Amino acid sequence: MTAQLPAQIAGQPHESILIVDFGSQVTQLIARRVREAGVYSEIAPFNAADAAFDRLQPKGIILSGSPASVTEIGSPRVPQRFFEAGIPILGICYGQQTMCAQLGGSVTPSQDGREFGRAFIEIKGRSALFDGLWKEGEHHQVWMSHGDKVDALPPGFAPVAVSEGAPFAVTSDEKRRFYGVQFHPEVVHTPDGGKLIANFARHVCGLAGDWTMAEFRATKIAEIRKQVGDGRVICGLSGGVDSAVAAVLIHEAIGDQLTCVFVDHGLMRMGEADQVVSLFREHYGIKLVHVNVETLFLNGLKGVTDPEAKRKFIGKTFIEVFEDQARQVGGADFLAQGTLYPDVIESVSFTGGPSVTIKSHHNVGGLPERMNMKLVEPLRELFKDEVRLLGRELGLPEIFVGRHPFPGPGLAIRIPGEVTKERCDILRKADAVYLDEIRRAGLYDAIWQAFAVLLPVRSVGVMGDGRTYDYVCALRAVTSTDGMTADVYPFDSAFLGRVATRIVNEVAGINRVTYDLTSKPPGTIEWE
């Protein structure tokens, strides 16, 4: 089965790099590193790479790693014509191995030379890939993750770096501008990896590195105008960064042809609904329908304790409310969504097969078909950090652009067990205290996501001369680059003590505070 990536609305930046995905868990990081170098990049599964190549007409190609083995029958391969296109190619791990195998070299399993984790390579020769970065005779730390190794190079290739377990840790064919690295330059554990990928994009491929948010903004505005024409667009605001940035960009393109609908389900953080309404109505002058349906959602959540049941009820009810409001404003021709590039990538398995559902995502999926509308998704080529850059380019306030991610189901999935108004109010206050202390400490921007969780547990406490029997609150804070993996933020005990004291003193209903020390994996960032 051939995987299909959705076609884009209109043209592409004038220069780009195509990343061929063989199923590596860190392929997204390759695209991020290329974009950090100011060069546009896209990822395509290996079995959709031909079509992506024809559409993009890239100036360079990067081949990703893979859980597969080149030595296995039927393992994925690069379209052979890519090697005849006359453009630079960089193969990473599996990418290096399949390139060497397809061009006349060989790959074998390496039981004795398996390398996983930190390793050191020695630079043995000169290469355009190393210009201004690495010199012959130097040793550099890299991150390895391979069980196979190249044991014979194709004609035209030479070894330019070695490691203890890989005699061809870096190989190059300078004439054809083909390069292979056995390690993973895209991960932070290879300290110079980002610079190496930038070298490939800027120096080897000769790209100017002029892909900026200003250019993206201008291009997207033109595309939105072309797609929408004189049609009307409706956008569902969640209160998060993605839908807000999408709405402001679309409004800049088509003005009053856009109507935003903010479904206020009563599960937002403290003051958040008022902030959204004020930003869009007063600051940007965008037509906004604010529908307060807290009672509808809380009544529907009575007695519901299963996390998936909560998510599905909230998603279904959101769609129903949104549809009703869309009819009341006279309908629309287009539905705007804040879909991001990771959503596009993750919706397509590199094998074309199904993926495991960890948890349902709250979205407006199904609405275009039900309401006979076409989609406008202006952010579908961007990663989360790029959306924030675009938000700043559009002039959104920093307190809004820089806010931590917030789930569509809101506080409902931060209250394990039944969701009630009382519990929502208690959690809102505790969360506000926690975030206030984080901001006071100057730590907010150093943390990917921080929030409080109200546990379905009561504990005995002593306050004054009386006995209490109140809820337990758990605090969560993680660092991450993309939300796919996350580490616990290492607060000191004094900070956590201050937060716990304030919550217990200021939030009636909580008498005990704990801190969640679980990373992702094995946990998820959210509790439900």
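Student: Over how many bridges do β12 and strand β15 pair, and in which sense?

Tutor: Please note that the model is a predicted one. Strand β15 covers residues 334-336, and C235 stands opposite A336 in β15. The sense of the pairing between β12 and β15 is parallel, and the number of bridges is 3.

Student: With which strand does β12 pair over 5 bridges?

Tutor: The partner covers residues 258-264, and the pairing is in the parallel sense. In this pairing, C235 stands opposite C260. The strand asked for is β13.

Student: Which helix makes a right-handed β-α-β unit with β12 and β13?

Tutor: The two strands of the unit, β12 and β13, also pair with each other in the parallel sense. The helix of the unit spans residues 241-254. That helix is α6.

Student: How many disulfides does the structure hold?

Tutor: A disulfide requires two cysteine sulfur atoms within 2.5 Å. For C260, the nearest cysteine sulfur is that of C235, 4.6 Å away, so C260 is in no disulfide under that cut-off. For the structure, the number of disulfides is 0.

Student: Is C260 buried or exposed?

Tutor: A residue counts as buried when its relative accessible area is under 20%. The value for C260 is 0%, so C260 is buried. C100 also has a relative accessible area of 0%, and C100 is likewise buried.

Student: With which residue does the side chain of K384 make a polar contact?

Tutor: K384 is placed in helix α12, residues 384-393. With a relative accessible area of 18%, K384 is buried. Setting aside neighbours within four places in sequence, K384 is in contact with D242, L340 and W448. The polar contact, at 3.0 Å, joins the side chain of K384 to that of D242.

Student: What distance separates the C-alpha atoms of V34 and G209?

Tutor: V34 belongs to helix α1, residues 27-36, and counts as buried at 0% relative accessibility. Not counting residues up to four places away in sequence, V34 touches I17, V39, Y40, S41, I62 and I197. Along the chain, V34 and G209 are 175 residues apart, whereas the separation of their C-alpha atoms is 9.3 Å.

Student: Which residue meets K421 in a salt bridge?

Tutor: The structure has 30 salt bridges in total. In the one asked about, the N to O distance is 3.5 Å, and the partner of K421 is E294. This pair links distant parts of the chain, 127 residues apart: K421 is in helix α14 (residues 421-440) and E294 is in helix α8 (residues 294-300).

Student: How far apart are the closest N and O atoms of D425 and R428?

Tutor: D425 and R428 are separated by about one helical turn, because they are 3 residues apart in helix α14. D425 is partly exposed, with a relative accessible area of 25%, whereas R428 counts as buried at 13% relative accessibility. The two residues form a salt bridge, and the distance between their closest N and O atoms is 3.0 Å.

Student: Which residues are joined with R440 into one network of salt bridges?

Tutor: R440 forms a salt bridge with D436, at 3.0 Å between the closest N and O atoms. R440 is exposed, with a relative accessible area of 63%, and D436 is partly exposed at 27%. Both residues lie in helix α14, 4 residues apart, about one turn of the helix. Through salt bridges that share partners, the residues in one network with R440 are D436, E437, R498, R502 and E506.

Terms used
Residues numbered from 1 in each chain as written. Predicted model: local features only at pLDDT ≥ 70, side-chain atom pairs only at ≥ 80, totals over all residues. Heavy atoms only, no water. Buried < 20%, exposed > 50% of the residue type's maximum accessible area, 1.4 Å probe, protein only. Polar contact = N/O pair within 3.5 Å; in protein donor to acceptor, adjacent residues only side chain to side chain. Contact = heavy atoms within 4.5 Å. Salt bridge = Lys/Arg side-chain N within 4 Å of Asp/Glu carboxyl O. Pairing = 2+ DSSP bridges. Right-handed = clockwise from strand over helix to strand, strands pointing away.
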